[in-house]
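Here are my notes from going through this model, jotted down point by point. Have the viewer open while you read.

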Amino acid sequence: MTDAGAQTVIDVLETGVDWVRWGASEMHRADRCSGHGFNTALDETAFLVRHVLGLPRDSSPDWLRGRLLRDERAAIYDALHERIADARPVAYITGEAWFAGMPFHVDERVLIPRSPLGELIQQRFSPWVARAPERILDLCCGSGCIGLAAAMAFPESTLVLADLSPDALAVAAQNTEAYGLEERTTLVESDLFDALEGEQFDLILTNPPYVPRREVDALPDEFAHEPRMGLESGEDGMEHPRRIVAEARRYLADGGCLIGEVGAWRPELEAAFPAVPFTWIDLEQGGEGVFVVRDDELPR
Ligand SMILES: C[S@@+](CC[C@H](N)C(=O)[O-])C[C@H]1O[C@@H](n2cnc3c(N)ncnc32)[C@H](O)[C@@H]1O
């Protein structure tokens, strides 16, 4: 961060607006990446400043014009220092991430929710899912954000949250409880479908790891705070997606479908399954590589 010492900065910056501007400038100077749920450095610093001051995240910017107490300034400095000097994403500093319009608890045990599947959940997967699904599986669930948001969108459904990481499942359990969905939700420790033998679902949702091993280390510093097993998927980034597409049919009920995300790896997935007619969804809120495929279109 800037050469000016912490005390000088705390003495000089008087208002919330001062801190948002300075934080964004420092983010740019340090070449920090805003890819974990925010579009710009200004968005991130404004969110963080409001959080420290205990203001609602959508409160008017007018409230940031007031002068701050010295303790408040010191607390904002500490939070910005964590974000900029340590490259720690905002969601890990605040312990919360918003996904599909809902807050979820997150910490370093889970990936920070940011899947474009959130946009589809808010539209109840229309027009891809015509009938409300009774059984939903969120495979590679992490914090549980995708499955829990889907379970809220389809109040009659039951949900299975599956992940190989016991740490991630502990966070998913916490979020399940926070939304009062324990009765409808089962958490399963599973290597992809392995522990789900004999189960069938109307809707399988998945945002699996899909970053090639050699590319994980080249990602911006922020990603080093996330669990590596949430990102890395073999030499070519396709180890998990390949297994999921190859095995999904057995776990889909008649008329069910698989909706998944592979980011920039659409060509690789199509090349791996030339006979599968994936439908690639146009996303209004950004992101890429989200596909839907029906049970009878998947390999036997
Ligand atoms: C990209 S993260 C997605 C997390 C969450 N669905 C989301 O969108 O925020 C992938 C998740 O897959 C889990 N995972 C990695 N390998 C797995 C495997 N073989 N079987 C099941 N889950 C696995 C990781 O623990 C991580 O939680």
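**Notes on the model**

1. Let's start in the middle of things. Setting aside neighbours within four places in sequence, A150 is in contact with I121, I136 and L205 (contact: C-beta atoms, placed from the backbone, within 7 Å). A150 sits in helix 7; helices (H or I, at least four residues) and strands (E, at least two) are DSSP runs, numbered from the N terminus. A150 is buried because 26 other C-beta atoms lie within 10 Å; the cut-offs are 20 or more for buried, 12 or fewer for exposed, and partly exposed in between, with C-beta atoms placed from the backbone.

2. Two housekeeping remarks. Residues are numbered from 1 along each chain as its sequence is written. The model is predicted, with local features needing pLDDT of at least 70 and side-chain atom pairs counting only at pLDDT 80 or more, while totals for chains, interfaces and linings use all residues.

3. Which residues have the most contacts inside the largest nonpolar core? They are I136, L137, I204 and L205, in a core of 79 residues. A nonpolar core here is a set of buried Ala, Val, Leu, Ile, Met, Phe, Trp, Tyr and Cys residues joined through C-beta atoms within 7 Å. Helix 7 (residues 145–153) gives the most to this core, with six residues. The core also draws at least three residues from each of domain 1 (6–94) and domain 2 (99–297).

4. I136 deserves a click. Beyond its neighbours within four places in sequence, I136 is in contact with G147, A150, A151, F154, S157, L159, F201, L203 and L205.

5. On to the domains, whose bounds come from an automatic or database domain assignment. The C-alpha centres of domain 1 and domain 2 lie 32 Å apart. Their contact takes eight residues from domain 1 and nine residues from domain 2. On the domain 1 side, the touching residues divide into five nonpolar, two polar and one charged (Ala, Val, Leu, Ile, Met, Phe, Trp, Tyr, Cys and Pro count as nonpolar, Asp, Glu, Lys and Arg as charged, and the others, Gly among them, as polar).

6. The ligand is surrounded by 22 residues, the closest being C140, G142, L164, S165 and G230 (C-beta atom, placed from the backbone, within 6 Å of the ligand). This shell divides into 13 nonpolar, seven polar and two charged residues.

7. Most residues other than glycine have a negative phi, and most peptide bonds are trans. A87 has a positive phi of about 60° although it is not a glycine, and A87 lies in the loop between helix 4 (70–84) and helix 5 (90–94). R124 also has a positive phi, near 50°, and is found in the loop between helix 6 and strand 3. R124 counts as partly exposed because 14 other C-beta atoms lie within 10 Å. The peptide bond from S126 to P127 is cis, with omega near 5°; P127 lies in the loop between helix 6 (117–122) and strand 3 (135–139).

8. Finally, the overall picture. The chain has eleven helices and nine strands, and 42% of its 300 residues count as buried. Its C-alpha atoms fill a box of roughly 65 × 40 × 35 Å, taken along the principal axes.

Technical notes. Contact = placed C-beta atoms within 7 Å.
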